[in-house]
Amino acid sequence: MENMLHRNSSQESLADNFVVPPEQQLPPATSAVVSLPVIDMFGSRDDVRRAILDAGKELGFFQVVNHGVPEEVMRDMLAVGEEFFQLPAADKAEFYSEDRGKPSRLFSGTSFDTGGEEYRRDCLRLSCTAPISDSTKDWPNKPRRLREIVEKYIMLARGVGMEVLRLLCEGLGLQLDYFEGDLSGGALILEINHYPSCRKPSMTLGLPPHCDRDLITVLLPGPVHGLEVKYKGDWIRVKPMPNAFVVNFGLQLEVVTNGMLKSIEHRVMTNTILARTSISTFIQPTEDCLVGPAEEFLGEDNPPHYRTHTYRDFMRIYNIVNLGSSLNHTTNLRKIQKEI
Ligand code: OGA
Ligand code: NI
């Protein structure tokens, strides 16, 4: 619990392990702050399908508006997330755990193995399996409305992700229910990310460069800047847009589409003045689910680029991230998969 950042976020000097070693200089984002492509889910189905596929192939990241999730639910989710981190330390302490096997817990840093660097993020991770009422009792009961708000929010956020997947199926010529079932039927994970402000943002990161390991991620970025996405060798600083979700593809989607859709590297910078709260929802396969390139993406000219693996094996092996030289590039993904 002493590792928690929110307790000393106004500290004058940074602990050594938050400082990026000189040999791993942080390449700054050279671009201006940009908006990700905006997809209006209320548009004609043809347009939406095409826009998702275009944005997905070009960038792997986009934002969706008119997605049907009430503004109030999004606002409540961010507010209750912020409130949680403002609770007295004693209230949070009982939920703190460094045991990665614990499905729901409070921890600090990233859940990837790193080379010893730590990251300026506190995270409340809430796991949700069916029936949802069994999961909620493992979640904190403070703030008072947390369980109720998360329960409502997480199902709606999942709905957005599943709708994007259905549209992708239409666009890619896959059976409409291709991603229903085991591919998306694992524990649904909600992470409330709290990034304290940092006086020297160039020296630390909120999260290291990484690709999400799930199938698809639905992110509520909150109003404060921080998310950066790799694009053509540079980092794009993402401008948050009110009431929009940021959607990005996880590595399982890259595998299933045999690389047609890529899971793109991203990282989180800290902010000099403002603390930031964001909410990630991860849709993932069941642990036993065999994930491999779908037949529809294979042919004589298109051999499989990825090994078929169970999601459990993938998560076990693909757990390392190195600052500045992430192992998450596609080539490495392939290399790592050979080891399975
Ligand atoms: C993540 C992530 C981005 C953000 O949780 O995997 O990339 O902006 N979060 O918090
Ligand atoms: Ni991520």
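Modeller: The shell around ligand 1 draws at least two residues from each of strand S6 (188-195), strand S7 (207-210), strand S12 (266-268) and strand S13 (276-283), where strands are DSSP runs of E with at least two residues, helices are runs of H or I with at least four, and both are numbered from the N terminus. S13 is the element that gives the most, with four residues. This is a predicted model, in which local features need pLDDT of at least 70 and side-chain atom pairs count only at pLDDT 80 or more, while totals for chains, interfaces and linings use all residues. Residues are numbered from 1 along each chain as its sequence is written, chains are lettered from A and ligands numbered from 1 in the order in which they are written, and side-chain values use heavy atoms, with hydrogens and water left out.

There are 13 residues around ligand 1, and those that come nearest are Tyr195, His266, Arg276, Ser278 and Ser280; a residue is near a molecule if one of its heavy atoms lies within 4 Å of it. Sorted by class, the shell holds six nonpolar, five polar and two charged residues, with Ala, Val, Leu, Ile, Met, Phe, Trp, Tyr, Cys and Pro counted as nonpolar, Asp, Glu, Lys and Arg as charged, and the others, Gly among them, as polar.

Turning to polar contacts, which here are pairs of N or O atoms within 3.5 Å, the side chain of Ser278 has an N or O atom 2.6 Å from an oxygen atom of ligand 1. For His266, a polar side-chain atom lies 2.9 Å from an oxygen atom of ligand 1, and for Asp212 the distance from a side-chain N or O atom to an oxygen atom of the ligand is 3.2 Å. Taken alone, ligand 1 exposes 290 Å², and the protein buries 95% of that, with accessible areas coming from the Shrake-Rupley method with a 1.4 Å probe.

Two of these side chains also belong to a metal site: the nickel ion (ligand 2) is coordinated at 2.1 Å by His210 (NE2), Asp212 (OD) and His266 (NE2), where donors are N, O and S atoms within 2.8 Å of the metal (3.2 Å for Na, K and Ca), and the site may look incomplete because water is not among the atoms. Along the chain, the donors of the nickel ion follow the spacing H-x1-D-x53-H. His210 in strand S7 and His266 in strand S12 are 56 residues apart, so that this pair links distant parts of the chain.

Notes. A polar contact is a pair of N or O atoms within 3.5 Å; within protein, one must be able to donate a hydrogen and the other to accept it, and residues adjacent in sequence count only if both atoms are side-chain atoms.
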